[in-house]
Amino acid sequence: MKILKKNILKLKANNIIHCYKLISNEYNLNKIKNLNGWSQKSISNYIHNPKYISLGYFQKKKLCAFIISNYIKINDIFENEILLICVEKKFRRKGIGTALISYIINQKKYFNLSNIYLEFSAKNRKAKSFYENCGFKYISLRKKYYTLNNNKKEDALLYKLEKRT
């Protein structure tokens, strides 16, 4: 499968339901109470708020992955926090997630982007491997950060990617 930059498009209102279905089918989110706050309404809020970038990867006009992130500008320097990246299971390990992250890094509009942050469950080994392969480095542990459906707590790992100049 060839990853094409032209297949990365801004998410629109008609993508909200499919984004939510992808989230609902994701085991690592499904085990967290209330899907960690993700709902159709929250997705809609991110898509319609210009402070966030919401991108989808489309294969034959079908959404197969998306990323939602937040840009923060401090003294002409941009930082970014990836809030969620979700790739449909059958499209994983094909470079789509990496393409979405690379797209954010390479946006000319955000040329002064210095760091990208994200957090994920400490038990999610696949996410850990993926982010480390993308160049992210561990910076902190958030103890008992997630509340699971069984009311147990799970730690989160905080990672950072420094933009290469």
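## Starting at Phe136

Phe136 touches Ile82, Ile101, Ile116, Leu118, Tyr131, Tyr159, Lys160 and Leu161, leaving aside residues up to four places away in sequence; contact here means heavy atoms within 4.5 Å. The model is predicted, so local features need pLDDT of at least 70 and side-chain atom pairs count only at pLDDT 80 or more, while totals for chains, interfaces and linings use all residues. Residues are numbered from 1 along each chain as its sequence is written, and side-chain values use heavy atoms, without hydrogens and water.

## The cores

Phe136, Leu100 and Ile101 have the most contacts inside the largest nonpolar core, which has 31 residues. Such a core is a set of buried Ala, Val, Leu, Ile, Met, Phe, Trp, Tyr and Cys residues joined through side-chain atoms within 4.5 Å. Helix 4 gives the most to this core, with seven residues. A second, separate core of 16 residues includes Leu11, Ile16, Leu63 and Ile68.

## Helix 4

Helix 4 (residues 96-105) is largely enclosed by the rest of the structure, because eight of its ten residues are buried, meaning under 20% relative accessible area with a 1.4 Å probe and protein chains only. Among them are Ile96, Gly97 and Tyr103. Helices (H or I, at least four residues) and strands (E, at least two) are DSSP runs, numbered from the N terminus.

Now for the strands: seven of them form an open, mixed sheet in the order 1-2-3-4-5-7-6, where pairing takes at least two DSSP bridges between two strands. Strand 1 (8-10) and strand 6 (137-147) are the edges.

Key:
Buried < 20%, exposed > 50% of the residue type's maximum accessible area, 1.4 Å probe, protein only.
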